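Q: Before we look at individual features, could you take me through how to read a model of this kind, one feature at a time?

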Amino acid sequence: MSFRSLGLEEYLLSAVEKAGYESPTPIQEQAIPLVMAGCDLMAQAQTGTGKTAAFALPVIQNCVENDSDSGEVAVLVLTPTRELARQVAASFRSYGLFTPRKLKVVALIGGESINDQLDQIDRGTDIVVATPGRLIDFIERGAVNLHACSVLILDEADKLLDEGFAEELDTLLEALPAQRQNLLFSATFPDKVVTLSKRLLCSPLEISVDAEPTVELIDQRVIEVNRENRGQLLRHLIKTESWDHTIVFTATCRGAANLTKKLRLAGVNAGALHGDLPQAERNDVLDQFCRRKISVMVATDIACRGLDVSRISHVVNYDLPRSPEDYIHRIGRTARAGESGQAISFIGHEDMAHFKLIEKRAGINLDRTQIESFELIGEPSENQKGGAPVKGKRKSKKDKLREAAAKAEKH
Ligand code: AMP
């Protein structure tokens with residue numbers, strides 16, 4: 001299958017050639033003809049499978065074909081994070097390099113000068129890529145009108161349909177015309193999201209590409225370690241296993257900042273990416289990480305979705321993600337575009353039950369290991385024992401006695 005046989009015009013064929021793509025990826029093969037035909041779509045595809053081009057290329061072609069050059073927004077792409085919005089806007093610009101009329105793509109995201117964005121909008125816009133909060137700000141100021149918008153794309157749709165964005169999404173849907181094409185793209189579509197998406201979509205077609213090939217390329221490791229020893233273990237592994245391009249996920253902004261500081265003190269070339277930083281700093285850190293000027297990026301979950309940084313060798317769950325979906329999104333930062341990679345989760349006594357749940361819901365079952373000199377010590381407390389027994393770990397005498405007593409009680 002070639003891009004040409006999918007019905008793409010010359011100006012797009014030149015753009016994909018310039019990007020170095022030889023043939024369409026499976027999600028592109030499936031999605032491009034359907035998007036071109038104007039269908040509503042619910043597309044499940046792992047990040048790294050080329051899903052941005054799967055919606056951007058046909059949407060650009062439709063835009064050119066229906067071009068009224070009115071300066072009004074024709075396409076709206078929503079993303080849950082600013083970083084992803086910038087990335088998607090950049091993709092639209094590069095895929096649209098050779099269109100007969102240059103389409104105007106504007107990213108409306110928080111944390112950056114609103115005046116610059118107002119200036120860009122004033123000059124006319126075809127495609128807006130936005131995070132919900134900043135877009136609502138523009139609508140309330142009367143600076144953006146979506147009445148001519150005929151395509152709505154939710155990238156990382158499951159996150160946007162999540163409770164955290166519910167109110168903002170409702171406000172935006174009210175500002176959009178009822179008659180429009182809706183495209184939902186995400187690596188995961190939990191049942192709740194499928195139900196919520198029904199109110200958005202009109203007779204949607206569902207497509208999905210097998211997530212397995214990407215996940216299979218990820219070597220997933222689970223290392224048992226006491227919470228207080230995680231920092232030292234991380235530094236040890238970075239050094240002894242020569243990790244070169246690594247994302248470390250923490251649960252909080254403060255956790256990311258502290259860990260970065262400690263890594264830097266230990267001589268690791270690290271940078272932090274979290275929501276408490278000014279946007280300029282966030283952009284700078286991500287940019288440096290992409291250009292491999294820093295080797296370890298310590299991030300909260302704002303980096304877990306959609307970001308396309310090539311050749312990330314290791315993803316570390318320093319703190320476990322809250323949901324199995326986020327586990328999949330996080331580990332998907334590595335092993336992109338056919339590369340291989342490692343995803344390492346640190347778990348202490350307090351994480352055992354939660355990790356078991358992640359495994360169950362993600363349909364995986366991983367061996368636990370320990371690293372010499374960083375062995376997990378101590379006993380789990382009563383409520384930490386909600387988790388299943390740990391594979392490969394010797395049971396303590398106390399555990400054996402407790403199990404025997406419980407068995408005796410049952411019979
Ligand atoms: P995405 O899933 O949209 O984040 O894309 C992941 C990466 O795949 C990006 O770096 C794209 O430039 C690249 N990509 C997209 N489509 C293709 C293709 N057909 N062939 C090769 N690389 C591609």
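A: Let us begin with a single residue and its surroundings, keeping in mind that this is a predicted model. Setting aside neighbours within four places in sequence, Thr334 is in contact with Ile218, Ile312, Ser313, His314, Val315, Ser340, Gly341 and Gln342. Thr334 itself sits in the loop between helix H14 (324–331) and strand E13 (341–347).

Q: Is Thr334 buried or exposed?

A: The quantity to read is the relative accessible area, and buried means a value under 20%. Thr334 has a relative accessibility of 0%, so it counts as buried.

Q: How far is Thr334 from Arg134, C-alpha to C-alpha?

A: The two residues are 200 positions apart along the chain, and their C-alpha atoms are separated by 30 Å. Arg134 is one of the buried residues of helix H6 (residues 132–140), a helix to which we shall return.

Q: How should I read a helix on its own, and what does H3 show about its length?

A: One compares the distance from the first C-alpha to the last with the span expected at 1.5 Å a residue. Helix H3 (residues 51–65) has 15 residues and reaches 22 Å, which is close to the expected 21 Å.

Q: What describes a pair of packed helices?

A: Such a pair is described by the angle between the two axes and by the distance between them. For H3 and helix H4 (residues 82–95), the axes come within 10 Å and cross at roughly 50°. That angle makes H3 oblique to H4, and H3 passes H4 in a right-handed crossing.

Q: Which residues of H3 and H4 meet?

A: From H3, the residues are Thr52, Ala53, Phe55, Ala56, Leu57, Val59 and Ile60, and they meet Val88, Ser91, Phe92 and Tyr95 of H4. Sorted by class, the residues of this contact comprise 9 nonpolar, 2 polar and no charged.

Q: How do H4 and helix H13 cross?

A: The axes of H4 and H13 (residues 279–290) come within 11 Å and cross at roughly 60°; the two helices are therefore oblique to each other. H4 passes H13 in a right-handed crossing. On the H4 side the residues are Arg82, Glu83 and Arg86, which meet Gln279, Arg282, Asn283 and Leu286 in H13. The classes in this contact are 1 nonpolar, 2 polar and 4 charged.

Q: Where is Gln288, and which residues is it in contact with beyond its neighbours within four places in sequence?

A: Gln288 has its place in helix H13, and once those sequence neighbours are left aside, it is in contact with Lys293 and Ile294. Its relative accessibility is 25%, so Gln288 counts as partly exposed. Gly271, 17 residues away in sequence, is 8.7 Å from Gln288 in space, C-alpha to C-alpha.

Q: How do H5 and H6 cross, and which of their residues meet?

A: The axes of H5 and H6 come within 12 Å and cross at roughly 65°, and the crossing is right-handed. Ile114, Gln117, Leu118 and Ile121 in H5 meet Arg134, Asp137 and Phe138 in H6. The residues of this contact divide into 4 nonpolar, 1 polar and 2 charged.

Q: Are Ser242 and Ser373 buried or exposed?

A: A residue counts as exposed when its relative accessible area is over 50%. Ser242, at 57%, is exposed, and Ser373, at 62%, counts as exposed.

Definitions and conventions
Residues numbered from 1 in each chain as written. Predicted model: local features only at pLDDT ≥ 70, side-chain atom pairs only at ≥ 80, totals over all residues. Heavy atoms only, no water. Expected span 1.5 Å × (residues − 1). Axes fitted to C-alpha atoms, helices over the stretch in contact; angles between N-to-C directions. Parallel < 35°, antiparallel > 145°, perpendicular 65-115°, else oblique. Left-handed = near helix turned anticlockwise from the far one by under 90°. Contact = heavy atoms within 4.5 Å. Nonpolar A, V, L, I, M, F, W, Y, C, P; charged D, E, K, R; others polar. Buried < 20%, exposed > 50% of the residue type's maximum accessible area, 1.4 Å probe, protein only.
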